[in-house]
Amino acid sequence: MSRSTEIPKAYDPNPVEEYWLQEWKDEDNYFDPVSTKPRFIIDTPPPYPTGNFHIGNGFNWCYIDFIARYKRMRGYNVMFPQGWDCHGLPTEVKVEETHGITKNDVSRDVFRQMCHDLTIQNIEKMRATMRRCGFSIDWSNEYVTMLPEYYRKTQISFLRMLKSGDIYQSEHPVNFCTRCETAIAFAEVTYDDRTTLLNFFDFDGVEIATSRPELLAACVAVAVHPDDERYAGTAGKTLKVPLFGYSVPVITDGAVDPEFGSGAVMICTFGDKQDVHWWKQHQLDLRKAINTSGRMTSIAGPYEGLTTKECRERILADMKEQGILNRQENLEQRVGACWRCKTPIEILSERQWFVKIHNEGIIKAAKEIKWMPDHMYSRLENWASQMEWDWCISRQRVFATPIPVWFCDGCGATVLPDEADLPVDPTAVTPKNACPVCGGTSFTGEKDVLDTWMDSSISVLNVTGWDGGDIPERFPAQIRPQGHDIIRTWAFYTILRSLALTGSKPWDEILVNGMVLGEDGFKMSKSRGNIIPPEDILKDYGADAFRQWSAIGAATGSDIVFSWNDVVAGSRFQTKLWNIARFVLMQAGDSGDFTEDSVTVLADKWLMCRLSATVAEVTDAMESYQFDRAIRGIREFSRDVFADNYIELVKGRLYEDEGPSRDSALYTLRAALATICRMFAPITPFFSEECFSYLNEGSVHAAGWPDLSFVDMDAARNGALLVEVVSEVRRFKHDNGMALNAPLGQVVVYANEGIEDAGDASRALNAKVSWTTEKPHLEQVVSDVNFSMGIIGPALRNKARGFMDAVRALPEADLRNGVSHVTVDGEEVAVPEGAFEPVYVYRVAGATVDVLTLKEGVIVTVLRIA
Ligand SMILES: [Zn+2]
Ligand SMILES: [Zn+2]
């Protein structure tokens with residue numbers, strides 16, 4: 001694409017952004033494995049390839065891109081990789097819907113291929129949006145967890161942890177979704193409130209209350225509180241289970257709440273976590289009444305084959321018919337549900353694979369990581385310290401990393417592949433060697449697959465170069481950016497896995513971002529209709545305006561409300577800055593040869609001081625990832641300091657002067673514009689590149705972060721006074737209905753220090769401005785009287801007019817000092833409190849002037865032109 005060298009009048013983001021997308025090369029963002037620069041590796045989140053890169057992703061990636069671009073400009077060898085966390089239920093469910101099948105209708109291979117194909121299409125869609133947003137992703141470090149080169153590493157990590165004892169298999173109660181027919185982890189259980197019925201009936205005369213009568217066939221004991229006198233002496237006895245007729249023991253346990261229902265509870269395997277606890281503690285029987293598809297088993301007798309819901313209805317109907325249902329009450333309940341399909345979870349005891357959780361080690365490692373904002377650390381700590389069960393990592397699904405294990409048909413031994421032979425699908429191939437225990441050659445491959453967090457929790461190992469050894473060459477990464485919604489999962493599991501596989505923390509820092517809420521302040525959802533696709537924003541306002549909203553909308557870590565106003569404000573700021581840039585480029589576009597030594601005039605020195613202070617502020621904000629602070633610093637400097645004060649002050653010099661004082665301004669204008677572009681480049685990469693390109697100094701992204709330390713205390717102080725005087729006199733003109741360029745006579749500034757401003761103030765104010773350290777000889781004269789009619793009217797009524805005439809006639813000294821009485825029509829009249837005030841004017845050498853009082857005792861006199 002070729003472009004004219006004319007600077008366009010208006011800034012139109014979309015063609016500009018499309019142009020730079022064509023110009024920029026992917027290679028510019030590649031991590032250089034042989035560079036000697038300091039490394040900065042980002043453990044980017046691998047999103048789930050839904051095909052829809054939503055605004056929450058966009059917000060998250062804006063933060064990552066601000067950091068990546070900033071760190072590159074600071075001279076780091078940055079790796080901003082991009083992964084795709086492909087495996088898992090949502091894709092399986094989507095494939096089942098799209099093809100109108102269930103996973104069991106086709107072979108595992110065919111089903112996997114369907115999932116694979118859908119995932120590839122979805123990744124392509126999301127990549128396109130990411131590119132359009134201007135994210136400087138290192139596409140040479142892209143990884144896709146469903147591909148063999150990645151899941152080989154997941155399998156190696158599994159084998160290593162199995163061998164070290166951190167992974168084991170066991171039959172143990174786990175959270176189970178009977179719709180998805182798979183075990184799920186605690187982190188995948190969501191809780192909902194609902195109202196249900198509490199049913200009361202008798203076990204041999206002892207009343208029991210339960211919300212889940214369908215679990216009667218799984219009842220293994222009745223528990224009462226040891227101090228509950230109603231049940232004194234029942235411990236150790238047995239009670240008959242109604243409808244089913246078998247007997248269960250009565251046990252006592254301090255955890256029973258005597259206030260709930262009748263104070264006697266039935267323990268089932270398993271109604272809830274408490275049942276699991278009691279079951280273990282009292283070593284009770286295991287009665288499995290519900291199978292993995294959510295249907296009643298044979299121990300449910302006549303109810304076998306029914307769903308749990310059908311079974312509950314039938315049991316309650318049968319109880320009513322037999323007259324044994326005493327009563328029913330409403331009960332408010334929190335129910336755990338599958339995160340994916342919202343089906344209430346069951347707790348089923350099945351053979352599963354588990355990862356051991358060492359809470360203390362995880363908390364210790366988490367403390368060694370810098371959390372930003374720091375209060376996010378406590379979320380990790382709270383979660384880690386309340387974990388009671390190990391992490392169930394086996395899933396009874398298809399589209400996931402296979403568990404690389406066989407079982408010997410002869411002796412049941414667990415047989416493992418060699419690491420060199422990975423990846424393997426044990427359901428498709430057999431072990432190379434005979435069973436090491438019994439010599440048998442017939443095996444069954446493990447059908448269970450791994451939780452997808454087993455893939456994503458080694459993302460940091462993957463990006464730091466791990467290939468199954470001990471500690472990867474580039475480990476740990478410098479930063480993990482992620483949302484606070486996945487602290488319990490991705491952050492927690494990553495720390496756990498890094499400790500297990502390397503013995504140390506995964507990253508130096510973790511930056512936690514908030515969630516994006518709809519404009520109405522609620523979580524975005526289809527049902528509320530408050531979803532904003534990033535494409536809508538890009539289409540109308542371009543990527544840079546979207547990125548500015550991300551930066552300014554909230555403090556880092558806080559939830560952010562989507563706001564079209566912020567997007568529009570970002571777009572307007574670009575227009576404003578473009579106008580500033582055009583002015584600067586037209587004046588100073590070809591003054592690139594000047595050096596800082598050309599800065600000789602007070603206003604220019606002052607601006608350079610302010611620019612240095614802004615660079616320091618924005619640098620500090622970027623270092624601490626406070627993007628809202630960084631963008632505010634850039635906007636305030638550009639708009640308020642540079643455009644409104646400085647440019648207005650030096651315009652006259654540019655038009656009227658030539659020689660060194662003009663050169664001083666040209667250098668300063670250009671330096672300020674170039675520095676603004678460089679500071680703004682991480683947030684608005686397109687706009688900054690476009691402006692900077694007219695300075696002919698190469699790409700702004702390769703220009704380095706501005707390093708400016710212009711210090712001149714006198715210039716900072718005197719320049720601030722100069723700017724204040726000019727803006728106060730301009731305000732004076734405005735307040736008195738004068739045009740800003742209207743001529744004034746003499747303006748005298750009485751300050752403590754003399755100022756040499758090279759005529760800037762005179763030109764800016766269209767006046768003869770002089771600066772003096774002398775004290776002003778002001779003569780104060782009463783010129784008029786202001787009356788307060790609100791006081792005079794009620795107090796004096798028909799005497800008001802005469803009163804005012806009498807006051808006006810008073811000698812000046814009385815007007816200044818006030819009097820207690822005046823004479824109206826020969827009568828002494830008291831002066832009401834606050835009835836009048838003298839109006840003063842000032843004179844200098846006999847001429848009437850206006851007086852402006854500034855900070856620190858600075859006086860400005862303005863002589864108007866008659
Ligand atoms: Zn489910
Ligand atoms: Zn064997």
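The zinc ion (ligand 1) has a tetrahedral arrangement, because the 4 donor atoms around the ion subtend angles of 102 to 119 degrees. Four donors count as tetrahedral if all angles lie between 85 and 135 degrees. Donors are N, O and S atoms within 2.8 Å of the metal (3.2 Å for Na, K and Ca); water is not among the atoms, so sites may look incomplete.

This is a predicted model, in which local features need pLDDT of at least 70 and side-chain atom pairs count only at pLDDT 80 or more, while totals for chains, interfaces and linings use all residues. Residues are numbered from 1 along each chain as its sequence is written, chains are lettered from A and ligands numbered from 1 in the order in which they are written, and side-chain values use heavy atoms, with hydrogens and water left out.

The SG atoms of Cys 177, Cys 180, Cys 338 and Cys 341 coordinate the zinc ion (ligand 1) at 2.2 to 2.4 Å. The sequence spacing of these donor residues is C-x2-C-x157-C-x2-C. Cys 180 lies in the loop between strand 5 (167-177) and strand 6 (182-184) and Cys 338 in strand 13 (residues 325-338), so the pair ties together parts that are 158 residues apart in sequence. Strands (E, at least two residues) and helices (H or I, at least four) are DSSP runs, numbered from the N terminus.

Buried means under 20% relative accessible area, exposed over 50%, and partly exposed in between (1.4 Å probe, protein chains only).

| Residue | Relative accessible area | Class |
|---|---|---|
| Cys 180 | 0% | buried |
| Cys 338 | 0% | buried |
| Cys 411 | 36% | partly exposed |
| Cys 435 | 4% | buried |

Elsewhere, Asn 718 is found in helix 19 (residues 713-735) and is buried, at 12% relative accessibility. Beyond its neighbours within four places in sequence, Asn 718 is in contact with Leu 602, Glu 753 and Ile 755, where contact means heavy atoms within 4.5 Å.

In helix 8, Gly 361, Ile 362, Ala 365 and Ala 366 meet Phe 492, Ile 495, Leu 496 and Leu 499 in helix 12.

Notes. Tetrahedral: all angles 85-135°; square planar, octahedral: opposite > 155°, others 65-115°.
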